Amino acid sequence: MLEIEGLHAGYGDVRVLHDVTLRVDEGEIVSIVGANGAGKTTLIRAVMGTLPTTSGSVRFLGERLTGRQSHEIARLGLAQVMEGRRLFPHMTVEDNLLIGGDILRDTARQRRNLGWVYEMFPRLRERRTQLARSFSGGEQQMLAIARALMTGPKLLLLDEPSIGLAPVMVKEIFSRFPGINAEGVTILLVEQDVRRSLSLSRRGYVIEQGRVVLEGDRDFLLGNEEVKRAYLGV
Amino acid sequence: MTSILQALFDGLASGAIYGIIALGLSLQFGVMKIINFAHGSFLMVAMYLTFWATSLLGLHLLAAIPLVVAVLYLVGWGTQRWLIEPVYRKEATREPISVLIFTTGLWIFLDNLFLVLAGPDYRTPAGDWANGVFVLGDLIFTYPQVAGLVVSVLVTLLLVLFMRYTRLGRAIRATGQDREAASVLGIDSAAVYRTSFAIGLAILGVAGALLLAIFPVDPFIGDLFGVRAFIIVVLGGIGSIGGALAGGLMVGLIESLGAQFLPITYSEALIFAIFLAVLYFRPQGLFGVERA
């Protein structure tokens, strides 16, 4: 579904990603794990076109994404939950959600998706007329995920959904991912919380200093001595 | 007492027009974060277009409004697409300083272009509608004042509804609050910018026509009203639609009530004094939201 090959990207003269190759198949949950500053967010931004790539290719369902603008990429069926949530702070919860659904240009589908995400996060329905900035971190993260789901994505890119949240909130948020996946949304999860994200995933990639240093299925990675030592604190 | 009431009405009537002069500027700045220094000059263009529509085409001033609005919308779209956008795109990753310099150049270019096209004389609209009055006791309401007040409030209200309840309005608000977050949700920010700029100038088209009915046009009229529009936008709160109208009404009232008690040049100084006081105590403007 998503095929990244030999991707190089960075900010100005600073190269962050070096020759990254990875893939996500339809229906999977795949994790990209690594330390802070390893290049995980850069990778997501390069996929979504918010950061220009230097070389290499990104393909989604056979379509080349490199060189396209973000809004075109979003319209192909990719949705990104951005690091730091990036809600529209002066808009109500419902307006934040409706913006996500506007991409569909189909009011009936937009309404259906709204019902779907409200069912998934009832708290958002209760507080739908409140301004997004009045929310706690966990509620904001729920709203960010719900807003991305409103676009009806085929592939959901989650960038550090655990960041800045209390452990109980992280647990609550992560518990929704298998359900979202079961509804037909493929998930690429980028996380520092290695154990938690790998446990949910079928496969994973470990990134260090902008390079993929290890890849494999969940049990392989969770059992790997390097991973245990560097990320799981065992 | 009568003179105070009259001054109150006069202030509200011109203030409402000042408000919608500022509306487009506020919208453009709120969404694109660029300062359009040519705003006053576009107002001048709208006033000349209205003047020509009444004199050359023989249209009623109010009937000229849709025509002027349509032309200004297209001018705005084109200006953004072919002039500002190329400059803006080169500075996508930093503060758009060149856009500021560019609009300053556009301001000087337009003023001088119209000096050549229309000459330096003051022009007033053809037809005698602008001289019509309603008399109520000792109070006099001119047709242009009444029309200006009604139309300005209506335009402001329509813009509020448009921004709040339409898909396009939502996209404009979202882009203004977080461009990157909007773009990954499928919103084409370049298209939003073109539309916002065009809507800003279309509203200026209405304002120009209404203003011409109470104030003669010359090629440099934009300097006066452009500066005033900036003050109003900051007073009301950048990006706040209701704030622009409120700021306009405030300036209109200070001007007309001030003239009751002070020499006319002082009331201009009073506007700036109040402007500075508001900036000092409420930098986000009277109706603006504090931004992190």
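**Note on the two-chain model**

1. In chain A, Gly10(A) faces Arg15(A), a residue of strand 2 of chain A. This is a predicted model, in which local features need pLDDT of at least 70 and side-chain atom pairs count only at pLDDT 80 or more, while totals for chains, interfaces and linings use all residues. Residues are numbered from 1 along each chain as its sequence is written, and chains are lettered from A and ligands numbered from 1 in the order in which they are written.

2. Strand 1 (residues 2-11) of chain A and strand 2 of chain A run antiparallel and are joined by seven bridges; two strands pair if DSSP finds at least two bridges between them. Helices (H or I, at least four residues) and strands (E, at least two) are DSSP runs, numbered from the N terminus. In chain A, four strands make up an open sheet in the order 2-1-4-5, with antiparallel pairing. Strand 2 (14-24) and strand 5 of chain A stand at the edges with a single partner strand each, so one side of each has no neighbour in the sheet.

3. Helix 1 (residues 40-48) of chain A packs on this sheet, where it touches strand 1, strand 2 and strand 4 of chain A, and its direction makes about 70° with that of strand 2 of chain A. Two residues are in contact if their C-beta atoms, placed from the backbone, lie within 7 Å. Axes are lines fitted to C-alpha atoms, for helices over the stretch in contact, and angles run from 0 to 180 degrees between N-to-C directions.

4. Two loop residues of chain A deserve a look. Leu61(A), in the loop between strand 4 (53-60) and strand 5 (63-64) of chain A, has a positive phi of about 50° although it is not a glycine. Glu160(A), in the loop between strand 7 (155-159) and helix 7 (167-174) of chain A, is also not a glycine and has a positive phi near 50°. Leu61(A) has 14 C-beta neighbours inside 10 Å and counts as partly exposed, whereas Glu160(A) has 23 and counts as buried. A residue is buried if 20 or more other C-beta atoms lie within 10 Å of its own, exposed if 12 or fewer, and partly exposed in between, with C-beta atoms placed from the backbone.

5. Chain B has eleven helices and two strands, and from the N terminus on its elements run α-α-α-α-β-β-α-α-α-α-α-α-α. Of its 292 residues, 50% count as buried, and the C-alpha atoms of chain B fill a box of roughly 60 × 45 × 35 Å along the principal axes.

6. Within chain B, helix 5 (residues 143-165) and helix 6 (residues 167-177) pack at an angle of about 80°, with their axes 5 Å apart. That makes helix 5 of chain B roughly perpendicular to helix 6 of chain B, a term for angles of 65 to 115 degrees. Phe162(B), Met163(B), Arg164(B) and Tyr165(B) of helix 5 of chain B meet Gly169(B), Ile172(B) and Arg173(B) of helix 6 of chain B in this contact.

7. Where the chains meet, the contact takes 16 residues from chain B and 20 residues from chain A. On the side of chain B that touches chain A, helix 6 and helix 7 (179-183) of chain B each supply at least two residues, and helix 6 of chain B gives the most, with six residues.

Key
Parallel < 35°, antiparallel > 145°, perpendicular 65-115°, else oblique.
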